[in-house]
Amino acid sequence: MDQNFIVFQNQSGFRSKHSTEHALTNLTEEIRKSIDKGKFSCGVFIDLRKAFDTVDHEILLHKLNHYGIRGISNSWFRSYLKNREQFVSVEGCESTKRYVSHGVPQGSVLGPLLFLLYINDLPNALKNCIANLFADDTCLLSNDSDLKLLETKVNTDLSNLSSWLKANKISLNEDKTEILLFRSRNKTIAYNMKLTLNGFDLKFSTHVRYLELQLDEHLAWNFHFDALVKKLCRANGILSKLRHFIPMSVLRSLYFALFHSHMSYAAIIWGQGLNLNSRICKLQRRCIRIINFSDYNTDTQPLFATTNIPCLPEFIFACNIKLVHQTLNKSTPISIQTTLGYKTLTHYHSTRNRELKILERPKAKTLNYGLKSIKYQSLLNWNQLLLHTKIELTSLSSFLIRRQIKEYLLTK
């Protein structure tokens, strides 16, 4: 499947070297680019009902035949799917066995891959929208500067989506399908859009949780910060009690398990250009003081150094460098390489920047969307590190890149 590029490139679920952050990067960068150009961006977040359990075996086998799995191989899959039985057992009491006529085997290695192939042609049904998928978590995105045209484009694809769902025998939760109209804060809405799916009027929301990230209509991240602050405060409370009974080595491990794991998730998406006085940075400094038994006004910079814990801006800087390094070395998904599309600065003058292969800055009009996009900030950080080290970074291994980042941050 991978060698022949059969799986849809914007499908990030159940695939090697793909993650939820890749799916979110593709989505948010497209939204930022649209808003930076002064357009509206309409996101439709689709909720499929029991998608894994409603896969029709005959349709799946037909699709496998279309993708080249024919003859004996197709018969093998038919044998794998057919005549499976299931029953319920509660405290030794078992129900009668029933044959499973739909769905991919749960908990199997092949199940997720078969599901990906089942919904792989969903984007082909769309004419105006870009589809972003993580397994069955689906988002349709369309951009336009005219709300009436945008409404027509999205409604056309919602009708196409409805036809595809019926043909593939997949049902939809219309009441849980949400819409966000992404726009800048100063963008006025002079027309009330009406979007329908299966005759059901879809509701517009102010924020949507997608892949555990709270997206809002202005990409201001306030709803996400509210949810994240609760988790981090809870982690600080736990650490403040445990610190009296465990050594620093264990306390540090608990920091990464209880605090850092929540703080770092998708930080590269919502943390570009983050203010040091933001709520998240303040909570991290408070956490470092807690595990070091320090007063509330103690300078945290030495504490970060002694515990070998990166502060949030440094962590995001390292994530940016890692992303550029992997993308330039083509070890990120094709969708990320297409979305970011880093270009080396080209000119005919023999300068140090040309020899170092400085990356070309993209055009950006707005501060909150263009200049704070992942593409802009990551190449900005990459060029800073490149000019500091004066060596070609692309050829370095991941280990050497991490060392160069650490040395650079120590000099700041």
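# Exercises on a predicted model

Asn120 lies in the loop between H4 and strand E6 (130–134). The model is predicted, and the exercises below are worked on it.

**Exercise 1.** Decide whether Asn120 is buried or exposed, and find what its side chain reaches.

*Solution.*
- Step 1. Buried means under 20% relative accessible area.
- Step 2. Asn120 has 9% relative accessibility, so Asn120 counts as buried.
- Step 3. The Asn120 side chain reaches the backbone nitrogen of Phe8 at 2.7 Å.
- Step 4. Leaving aside residues up to four places away in sequence, Asn120 touches Ile6, Val7, Phe8 and Tyr67.

**Exercise 2.** Locate Ser205 and identify the partner of its side chain in a polar contact.

*Solution.*
- Step 1. Ser205 sits in the loop between strand E11 (203–204) and strand E12 (207–210).
- Step 2. With a relative accessible area of 12%, Ser205 is buried.
- Step 3. The partner is the side chain of Glu178, at 3.0 Å.
- Step 4. Residues up to four places away in sequence not counted, Ser205 touches Glu178, Ile179, Leu180 and Glu217.

**Exercise 3.** Describe helix H2 (residues 57–66): its buried residues, their cover and its N-terminal cap.

*Solution.*
- Step 1. The buried residues of H2 are His57, Ile59, Leu60, Leu61, Lys63 and Leu64.
- Step 2. Their cover includes helix H3 (72–81), strand E5 (98–100), helix H4 (110–118) and helix H5 (147–167).
- Step 3. At the N-terminal end the cap is Asp56, with a side-chain oxygen 3.1 Å from the backbone nitrogen of Glu58.
- Step 4. Just after H2, Gly68 has a positive phi of about 110°.

**Exercise 4.** Work out how helix H15 (residues 374–389) and helix H16 (residues 398–411) are oriented, and which residues meet.

*Solution.*
- Step 1. The two axes come within 11 Å and cross at roughly 85°.
- Step 2. Angles of 65 to 115 degrees count as roughly perpendicular, and H15 and H16 are therefore roughly perpendicular to each other.
- Step 3. From H15, Gln384, Leu385, His388 and Thr389 meet Gln404, Ile405, Tyr408 and Thr411 of H16.
- Step 4. Sorted by class, this contact has three nonpolar, five polar and no charged residues.

**Exercise 5.** Find the residues with the most contacts inside the largest nonpolar core, then list what Trp270 touches.

*Solution.*
- Step 1. This core has 70 residues, and those with the most contacts inside it are Phe45, Phe182, Leu215, Trp270, Ile280 and Leu312.
- Step 2. Not counting residues up to four places away in sequence, Trp270 touches Leu213, Trp221, His224, Phe225, Leu228, Met263, Tyr265, Ile280 and Leu312.
- Step 3. Another core, of 46 residues, lies apart from the largest one and includes Val44, Tyr67, Leu140 and Trp164.

Conventions. Residues are numbered from 1 along each chain as its sequence is written. This is a predicted model: local features need pLDDT of at least 70, side-chain atom pairs count only at pLDDT 80 or more; totals for chains, interfaces and linings use all residues. Side-chain values use heavy atoms; hydrogens and water are left out. Axes are lines fitted to C-alpha atoms, for helices over the stretch in contact, and angles run from 0 to 180 degrees between N-to-C directions. Helices (H or I, at least four residues) and strands (E, at least two) are DSSP runs, numbered from the N terminus. Angles under 35 degrees count as roughly parallel, over 145 as roughly antiparallel, 65 to 115 as roughly perpendicular and the rest as oblique. Contact means heavy atoms within 4.5 Å. Ala, Val, Leu, Ile, Met, Phe, Trp, Tyr, Cys and Pro count as nonpolar, Asp, Glu, Lys and Arg as charged, and the others, Gly among them, as polar. A nonpolar core is a set of buried Ala, Val, Leu, Ile, Met, Phe, Trp, Tyr and Cys residues joined through side-chain atoms within 4.5 Å. Buried means under 20% relative accessible area, exposed over 50%, partly exposed in between (1.4 Å probe, protein chains only). A polar contact is a pair of N or O atoms within 3.5 Å; within protein, one must be able to donate a hydrogen and the other to accept it, and residues adjacent in sequence count only if both atoms are side-chain atoms.
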